[in-house]
Amino acid sequence: MSKKTTPLTTPYLQFNRKQWAALRASVPMTLTRDEIEQLKGINEDLSLEEVAEIYLPLSRLLNFYISSNLRRQAVLEQFLGTNAQKIPYIISIAGSVAVGKSTTARVLQALLSRWPEHRKVELITTDGFLHPNAVLKERDLMRKKGFPQSYDMHRLVKFVADLKSGASQVTAPVYSHLVYDVIPDGDKVVHQPDILILEGLNVLQSGMDYPHDPHHVFVSDFVDFSIYVDAPEDMLENWYINRFLKFRQGAFTDPNSYFHHYAQLPVEEAVEIAKGLWREINWRNLKENILPTRERASLIMTKSAKHEVHNVRLRK
């Protein structure tokens with residue numbers, strides 16, 4: 001007599017692409033093909049179909065959550081007898097280098113800002129909260145840029161905490177990928193947005209990821225909805241190498257680029273350097289610090305070839 005196996009329980013609802021696309025319902029497309037072309041990353045294919053089938057259902061879900069959050073805030077204000085205070089809804093987007101986090105963030109910013117409510121949506125990347133190169137060099141951390149110890153986490157936590165406290169304005173440092181460093185005195189001022197999208201490698205990390213710098217609260221404590229953009233490791237490596245080669249022909253040719261010396265290399269040598277950077281830095285960071293945070297996300301979108309999302313998992 002065979003034993004019945006008990007199905008594994010999971011905190012996630014799972015959807016294939018067709019099932020997820022059906023949840024768009026009647027949400028209208030508000031972006032043109034030209035606008036979508038401008039939103040995509042240097043090494044990504046982003047089609048009108050991808051936005052319609054993946055991002056429109058996601059923006060619909062987020063709109064429901066945001067509306068519910070506003071009703072909850074109104075209940076608290078009614079209970080306290082206070083005037084409405086503008087507290088932004090924070091969405092975080094995590095995932096590996098080269099997975100397409102920035103494109104996801106830009107598409108969501110565009111879609112959420114065009115809902116009938118006309119909400120103000122700000123986008124901040126946590127790259128700006130990296131320690132400046134001078135500090136990283138002093139601490140021998142240049143080869144660990146993007147690892148937990150390379151961030152000024154106290155400043156990042158204060159930034160999101162101030163936003164959630166209703167501060168009228170906060171400032172965020174800005175990072176330049178051209179010079180590969182934080183821009184001195186280049187802070188961006190953020191004025192009470194309705195929604196803040198926070199994109200970065202570290203937005204799902206918590207206390208266990210910072211044993212070298214213990215403190216009591218983390219970015220993830222202030223996030224209302226979190227997204228992890230996932231993909232198989234072999235694809236991530238290929239995307240990283242292809243992106244590196246495109247930068248070699250584009251941004252790296254600028255004499256001001258930190259990586260200008262790579263622009264002169266033969267293709268074969270550039271590929272080997274990209275592979276080395278992936279293995280020694282980005283793959284290690286993925287395995288040690290980023291991938292372990294995946295199951296903390298509210299939603300996990302998994303990509304296949306051409307950066308197309310084929311599977312979505314939504315926390316129950």
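Is Glu-53 buried, partly exposed or exposed? At 29% relative accessibility, Glu-53 counts as partly exposed. The model is predicted, and every value below is computed from it.

**Salt bridges**

Glu-53 has a charged partner. Its side chain meets that of Arg-17 in a salt bridge, 2.7 Å from N to O. Arg-17 sits in helix α1 (residues 17-21) and Glu-53 in helix α3, so the contact ties together parts that are 36 residues apart in sequence. Arg-17 is buried, with a relative accessible area of 19%. The cut-off matters here: buried means under 20%.

Side chains of opposite charge can pair when their charged atoms come close. In this model the count comes to 17 salt bridges.

| Pair | N to O distance | Relative accessible area |
|---|---|---|
| Arg-17 and Glu-53 | 2.7 Å | Arg-17 19%; Glu-53 29% |
| Arg-155 and Asp-187 | 3.0 Å | Arg-155 34%; Asp-187 36% |
| Arg-284 and Glu-288 | 3.3 Å | Arg-284 30%; Glu-288 42% |

The side chains of Arg-155 and Asp-187 meet at 3.0 Å. Arg-155 lies in helix α6 (residues 153-164), while Asp-187 lies in the loop between β6 (181-182) and β7 (188-190), so this pair ties together parts that are 32 residues apart in sequence. Arg-155 is partly exposed. Asp-187 is partly exposed too.

The bridge between Arg-284 and Glu-288 spans 3.3 Å. Both residues belong to helix α8 (residues 267-290), where they are four residues apart, or about one helical turn. Arg-284 counts as partly exposed, and so does Glu-288. Elsewhere, salt bridges that share partners join Asp-230, Arg-294, Glu-295 and Arg-313 into one network.

**The sheet**

Seven strands form an open sheet with mixed pairing. The order is β1-β11-β10-β9-β2-β8-β3. At the edges stand β1 (12-16) and β3 (121-125); each has a single partner strand, so one side of each is left without a neighbour in the sheet. Neighbouring strands are turned by 20° against each other on average, direction ignored.

β1 and β11 run antiparallel and are joined by five bridges. Leu-13 has Leu-314 in β11 as its bridge partner. Strand β11 (residues 309-315) is mostly covered, with five of its seven residues buried.

On to the next pair, β10 and β11. They pair in the antiparallel sense, again over five bridges. Lys-303 stands opposite Val-309 in β11. The two strands form a hairpin with five residues between them. Lys-306, in the turn, has a positive phi of about 60°.

In which sense do β9 and β10 pair, parallel or antiparallel? Strand β9 (residues 225-230) and strand β10 (residues 299-303) pair in the parallel sense, over four bridges. Here Tyr-228 stands opposite Ile-300 in β10.

**A nonpolar patch**

Which residues make the nonpolar surface patch of about 360 Å²? Leu-76, Phe-79 and Leu-80 make it. Leu-80 is found in helix α3 (residues 48-80). Helix α3 also holds Glu-53, the partner of Arg-17 in helix α1.

How values were computed:
Residues are numbered from 1 along each chain as its sequence is written. This is a predicted model: local features need pLDDT of at least 70, side-chain atom pairs count only at pLDDT 80 or more; totals for chains, interfaces and linings use all residues. Side-chain values use heavy atoms; hydrogens and water are left out. Patches are made of residues with over 30% relative accessible area and no salt bridge: like charges are joined within 9 Å, nonpolar side chains (Val, Leu, Ile, Met, Phe, Trp, Tyr) within 5 Å. Accessible areas come from the Shrake-Rupley method with a 1.4 Å probe; for residues, only the protein chains shown count as cover. A salt bridge is a side-chain nitrogen of Lys or Arg within 4 Å of a carboxyl oxygen of Asp or Glu. Two strands pair if DSSP finds at least two bridges between them. Axes are lines fitted to C-alpha atoms, for helices over the stretch in contact, and angles run from 0 to 180 degrees between N-to-C directions. Buried means under 20% relative accessible area, exposed over 50%, partly exposed in between (1.4 Å probe, protein chains only).
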